[in-house]
Amino acid sequence: MNSIPICIHAEWDETAGVWVATSEDVPGLATEAAQLETLIAKLKVMIPELLLENGLPMDDEVTFELLSRRFEVALRTSA
């Protein structure tokens with residue numbers, strides 16, 4: 001297992017209604033999914049494939065960290 005987790009960033013795209021994932025650690029990684037769990041499943045397949053395609057070293061297992069960000073608005077209720 002690699003000692004430093006690969007960092008994946010996921011941002012919520014309100015207009016498209018999907019999570020968009022990218023990574024500086026995995027060249028060519030760009031994918032989206034409506035649910036985080038679906039996104040994670042896609043990443044588990046895509047990350048090893050892209051690492052191999054780019055000739056980057058990879059162990060039998062690849063650890064990745066998914067950092068997600070979603071902005072929301074909370075409105076103050078009248079007192």
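I searched the whole structure for aromatic pairs and found one. A pair here is two rings of Phe, Tyr or Trp (its six-membered ring) with centres within 6.5 Å; planes under 30 degrees apart are stacked, over 60 edge-to-face, and the rest tilted. I'm keeping in mind that this is a predicted model, where local features need pLDDT of at least 70, side-chain atom pairs count only at pLDDT 80 or more, and totals for chains, interfaces and linings use all residues. Residues are numbered from 1 along each chain as its sequence is written, and side-chain values use heavy atoms, with hydrogens and water left out.

**Rings and charges**

Still on rings, I checked Trp12 and found the charged end of Arg70 over its ring, 4.3 Å from the centre. To count, NZ of Lys or CZ of Arg must be within 6 Å of the ring centre and within 35 degrees of the ring normal.

Buried means under 20% relative accessible area, exposed over 50%, and partly exposed in between (1.4 Å probe, protein chains only). I noted the general rule too: in a regular strand the side chains alternate between the two faces of the sheet.

My strands and helices are DSSP runs, numbered from the N terminus: E with at least two residues for strands, H or I with at least four for helices. Two strands pair if DSSP finds at least two bridges between them. S1 and S4 run parallel and are joined by six bridges, and I see Ala10 opposite Ser68 of S4. S1 and S2 run antiparallel with five bridges, and there Glu11 stands opposite Val20. Four residues lie between the strands in this hairpin, and Gly17 takes a positive phi near 70°.

**Strand S3 and Thr31**

S2 and S3 are antiparallel as well, over four bridges, with Ala21 opposite Thr31. On S3 I find Thr31 and Ala33 on a covered face, and Ala30 and Glu32 on an uncovered one.

Is Thr31 buried or exposed? It counts as buried, because its relative accessibility is 9%. Its side chain makes a polar contact of 2.9 Å with the side chain of Lys42. I count a polar contact when N or O atoms lie within 3.5 Å; within protein, one must be able to donate a hydrogen and the other to accept it, and residues adjacent in sequence count only if both atoms are side-chain atoms. Leaving aside neighbours within four places in sequence, Thr31 is in contact (heavy atoms within 4.5 Å) with residues including Trp19, Leu39 and Met46.

**Ser23 in its loop**

Ser23 is in the loop between S2 and S3, and it counts as buried because its relative accessibility is 12%. What does its side chain reach? I get the backbone nitrogen of Asp25 at 3.0 Å, and a polar side-chain atom of Ser23 also lies 2.6 Å from the backbone oxygen of Cys7. Beyond four places in sequence, Ser23 touches Ile6, Cys7, Ile8 and Leu29.

**The core and helix H1**

The largest nonpolar core has 14 residues; Ile6, Val26 and Leu43 are among those with the most contacts inside it. Such a core is a set of buried Ala, Val, Leu, Ile, Met, Phe, Trp, Tyr and Cys residues joined through side-chain atoms within 4.5 Å. S1, S2 and H1 (36-53) each supply at least two residues, and H1 gives the most, with five.

From Leu39 I traced contacts to Ala10, Trp19, Ala21, Thr31, Glu32 and Ala33, not counting residues up to four places away. Leu50 lies in H1 and is buried, with a relative accessible area of 12%. Its contacts beyond four places are Val26, Pro27, Gly28 and Leu29. I also checked Leu50 against Trp19: they are 31 residues apart along the chain, and their C-alpha atoms are separated by 19 Å.

**Leu67 in S4**

Last, I turned to Leu67, in S4 (residues 64-69). It counts as partly exposed because its relative accessibility is 35%. Leu67 touches Cys7, Ile8, His9 and Ala10, again skipping residues up to four places away. Leu67 and Ala79 are 12 residues apart in sequence but 36 Å apart in space, C-alpha to C-alpha.
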